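Please read this briefing alongside the sequence and the structure.

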Amino acid sequence: MDAEVRIERYADQGRCVGHIDGRVVFVRFALPGELVRVTLDEPHDRDDRFWTGEVTDVLEASPDRVPPAWPLAGPLAMGGGVGGADLVHVSLPGQLRWKAVTVSEQLSRLGHIDVAVPIERIAGDEELGGFHWRTRIEMIADDDGRPSMRRRGTHVRVPLDTMPLATNALLSVADERHVWDGGLEPGSQIRMSVPEPRDGRAIGDNYAVLVDGELNAGSDRLGERVTVAGTTFEYTVDANGFWQIHRQAPVALANHVIDLARGEIGDRPAATIWDLYSGSGLFTLPLATLVAPRTRMLSVEGGRTAVKNAQRNLRHLDLTDVDARCGDVAKTLANVPAHLAHPDLIVLDPPRAGARAKVCRQMAASGARSIIYIACDPTSLGRDAGTLLTLGYELADVRAFDIYPMTHHVETVALFRRSTELA
């Protein structure tokens, strides 16, 4: 079924909202204010309260609309559909507006906090046109053994001979290792991880090409270097594990978190800090060394390999006052050693689902004055912000970072401070 729709506003998951005969329709590759022709997804005759669809023709365009710079990721009707860049039809300034509005709306709707959220573009992204930022990519081998991506709504695998979102360092490795030539078992899962070279260092063997989780070339353990407040930290990370994928995200986020943390701790000679969902220790290392003269820490992460790497990274700096634990965050916080039970500051970087109410209650029960929440999903942040407000915290600072150009995703760092009445 095709229909003309006037687009009204931004929605979630890179979509916008319109109405057809009074029924809500979520539209991919649209922009507010536009008049577009939409093809509805099947089945479109169901009794659900909403439909979904995709733009097939633009009758009246928004000023923020641009021709997709990577057509394969654009609308199906324009030869696209591979996914991975759902805002590829939006200008770079328009993408920032979209994300700022999204974060503000979710904080208002779910957290009952009315605030304009400033958003920061990462240095170099504008010059690169919003491309070449991913240090990790994943693909699947097509029937001919070539790297490919699935076309949305089909079983078709579209072969690739490059990946515009990937960093130039990653593309250089892909060319050197002849990744685009194929020769793989059809259906194989391909992952490439290439830490961003810094300080003019050569890539060497600090990269990984994995096929179905097994190392095909490079190293299982990778080295990441991040300079925070003038100090360079070295991290060992798992080639198949989580690390911030934007080439400059670790630098931008860690520096901002440390600036906030220093402001909260002030000139106190000692601090107790929790780092929750701590991964391989991106925030743990600078928090342990740059915030106060003496710092005791608890870090908690559910991934066993990530915790082993974090412990290795801590030993490398001889940081013995960090209790790095592997386990579910809520369960771990139920049994915190007495000397770590009352933190001055909590930093958390939860997965997309957020911290949820139980962990929010545990954080509040600890008596922590300040909470720095790093969120990759505005909806989860809005929900958890609402919970924290009911527990006596106030939003003291918020800033968004566009570390996912060409996509609807956005990273937000929010500082919550215990209200003076409860402090």
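Cys16 counts as buried because its relative accessibility is 0%, where buried means under 20% relative accessible area, exposed over 50% and partly exposed in between, with a 1.4 Å probe and protein chains only. Cys326 is in no disulfide, and the nearest cysteine sulfur, that of Cys376, is 20 Å away; a disulfide is a pair of cysteine sulfur atoms within 2.5 Å.

This is a predicted model, in which local features need pLDDT of at least 70 and side-chain atom pairs count only at pLDDT 80 or more, while totals for chains, interfaces and linings use all residues. Residues are numbered from 1 along each chain as its sequence is written, and side-chain values use heavy atoms, with hydrogens and water left out.

- Cys326 counts as partly exposed, because its relative accessibility is 33%.
- A search of the whole structure finds zero disulfides.

**Whole protein**

- The protein has eight helices and 22 strands, which are DSSP runs numbered from the N terminus (helices are H or I with at least four residues, strands are E with at least two).
- The radius of gyration of the protein is 23 Å, which agrees with the value near 22 Å that a compact globule of 423 residues would have; this radius is taken over C-alpha atoms, and the globule rule is 2.2 Å times the number of residues to the power 0.38.
- Taken along the principal axes, the box filled by the C-alpha atoms of the protein is roughly 65 × 50 × 35 Å.
- Of the 423 residues of the protein, 55% count as buried.
- Among contacts between residues at least 6 apart in sequence, 66% join residues at least 24 apart, where contact means heavy atoms within 4.5 Å.

**Helix 2 and its surroundings**

- Helix 2, which covers residues 168-176, has Ala169, Leu170, Leu171, Val173 and Ala174 buried.
- These buried residues of helix 2 pack against strand 8 (136-141) and strand 11 (189-193).
- An α-helix has 3.6 residues a turn, so residues three or four places apart point the same way.
- His178, which follows helix 2, has a positive phi, near 55 degrees.

**Met139**

- Met139 has its place in strand 8, and it counts as buried because its relative accessibility is 4%.
- Leaving aside neighbours within four places in sequence, Met139 is in contact with Pro147, Ser148, Leu160, Val179, Trp180, Ser188, Gln189 and Ile190.
- Although Met139 and Gly187 are 48 residues apart along the chain, their C-alpha atoms are separated by 9.6 Å.

**Loops and positive phi values**

- Tyr277, which is placed in the loop between strand 16 and helix 4, has a phi near 55 degrees, a positive value in a residue other than glycine.
- Tyr277 counts as buried, because its relative accessible area is 18%.
- Ser278 lies in the loop between strand 16 (270-276) and helix 4 (284-290), and Ser278 is buried, with a relative accessible area of 9%.
- Beyond its neighbours within four places in sequence, Ser278 is in contact with Thr284, Ser299, Val300 and Glu301.
- Gln13, in the loop between strand 2 (9-10) and strand 3 (15-20), also has a positive phi near 55 degrees, in a residue other than glycine.
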